[in-house]
Amino acid sequence: MVLYEVFSHSIKKRYKTSIFTKASIIQLLSIVLTYLSPFLIAYFTGGFWIKEKAFTETPDIKFQYRYIAILEGESNLYISSSYESINQIYQNEYRSSVRIINELDTDDDGFPDLLEFNLLISGVPIDTITNVKLMLLFNSTISVISNLKLESVGFFESYNSRKYTELSFDAELAFVQREKLREQVTYNGYSYQMLNETNIDLEELNLDKIIRDYSSREFSTRLVTDYVSWKNSLAEGFKINAYIRYVPFKLDYIPAFWQQFKWGWIQYISILIPFIFVFRTIKVFIFENQLVPTICVNTSQKMKTS
């Protein structure tokens, strides 16, 4: 059984022993510890495999020009929406509105990243509104890590004990996950319309239930409000000014097998290299100093010349 070979100048030293000896046990332990120890170290210092990763993607977000605005006072309620069926159902509470909507690409990357939504609801008595609810509907698409098309919602609500005639707010449309995405998987079933415009009844118009059901989905969006301002203006009716930024989505996902394997292999090799050097040095010391009995065979080697 050949244990080890050492090259020194033109001499190659070969160490031999029989199978069941101390030298063969040292050789076996050296091989096991050299190749097993890096795996154990990598595994027990943070995990050998990557179980999850985070990725930031700029989504393709488009406003659907669909909205529902609800104004509440102490004893009154006013509704204005882009859904004709809703306006007909709540014809007593419905108030007409004028809207100015702009989607802007402020950084010129080909994707809109700012929504300016201005809504003036007429026929609302001055100094009566204390609570505002606004639901905006978007189409959001991500495609780099996974393929996901999502009818997403931005819901905003604000209350003020004093009565004003204008509300302004700044917010970001953020991505919310209840489970991790899987790499290179297509997710269907999230682009359906939350409200069927051709068939809307009173049960479907419970806004709290709509938001609660929407928030329970695995993937959704929500408005993260940065700034809210109530004030009085000279305009008749009630005015809502919304400035919503489309920020990159932070995605938590489970890597596919080959990405996990690549990372595990890099960890293993980076720890294995010093172990090979250490145990090689130990074996050279043991065998050259004959700390265990071995047979040393010297073989002459011809030196290569250019």
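A salt bridge here is a side-chain nitrogen of Lys or Arg within 4 Å of a carboxyl oxygen of Asp or Glu. I worked on a predicted model.

**Entry 1: salt bridges**

I counted the pairs that meet this rule and got 8 salt bridges. I then looked up some of them one by one.

I began with E52 and K180, whose side chains form a salt bridge with 3.5 Å from N to O. Which parts of the chain does this pair tie together? I found E52 in the loop between α1 (22–44) and β3 (53–57), and K180 in the loop between β10 (166–177) and β11 (181–182), so the bridge links parts that are 128 residues apart in sequence. I checked accessibility next. E52 has a relative accessible area of 46% and is partly exposed. K180 is partly exposed too, with a relative accessible area of 33%.

I went on to D60 and K62, a salt bridge in which the closest N and O atoms are 2.9 Å apart. For D60 I noted a relative accessible area of 25%, which is partly exposed. K62 comes out at 43% and is likewise partly exposed.

My next pair was D170 and R245, where the side chains meet in a salt bridge at 3.9 Å, N to O. I place D170 in strand β10 and R245 in strand β14 (residues 238–246), so this pair ties together parts that are 75 residues apart in sequence.

**Entry 2: strand β4 and its partners**

I looked up how strand β4 (residues 60–73) pairs. With strand β8 (residues 129–142) I find 12 bridges, and the two strands run antiparallel. Which residue of β8 is the bridge partner of I68? I read M135.

I also find β4 joined to strand β5 (residues 77–81) by 5 bridges, again antiparallel. In this pairing A69 stands opposite S80 of β5. How many residues lie between β4 and β5 in their hairpin? I count 3.

**Entry 3: annotated spans**

I took the feature "transmembrane region" from UniProt, where an unreviewed entry places it at residues 25–44 and 265–286. I compared each span with the model.

For residues 25–44 I get 100% helix and 0% strand, with the end C-alpha atoms 27 Å apart. For residues 265–286 I also get 100% helix and 0% strand, and here the end C-alpha atoms lie 31 Å apart.

**Entry 4: a nonpolar patch**

I searched the surface for nonpolar patches and noted one made of L28, V32, L36, F39, L40, Y43 and F44. Together these residues have about 670 Å² of accessible area. I looked at F39 as one of its members. F39 sits in helix α1. At 33% relative accessibility F39 counts as partly exposed, and patch members need over 30% relative accessible area.

Notes
Residues numbered from 1 in each chain as written. Predicted model: local features only at pLDDT ≥ 70, side-chain atom pairs only at ≥ 80, totals over all residues. Heavy atoms only, no water. Helix = DSSP H or I, 4+ residues; strand = E, 2+ residues; numbered from the N terminus. Buried < 20%, exposed > 50% of the residue type's maximum accessible area, 1.4 Å probe, protein only. UniProt positions renumbered as here; feature names shortened; annotations may be inferred. Pairing = 2+ DSSP bridges. Patch = residues over 30% accessible without salt bridge, like charges linked within 9 Å, V, L, I, M, F, W, Y side chains within 5 Å. Areas by Shrake-Rupley, 256 points an atom, 1.4 Å probe, with all protein chains shown as cover.
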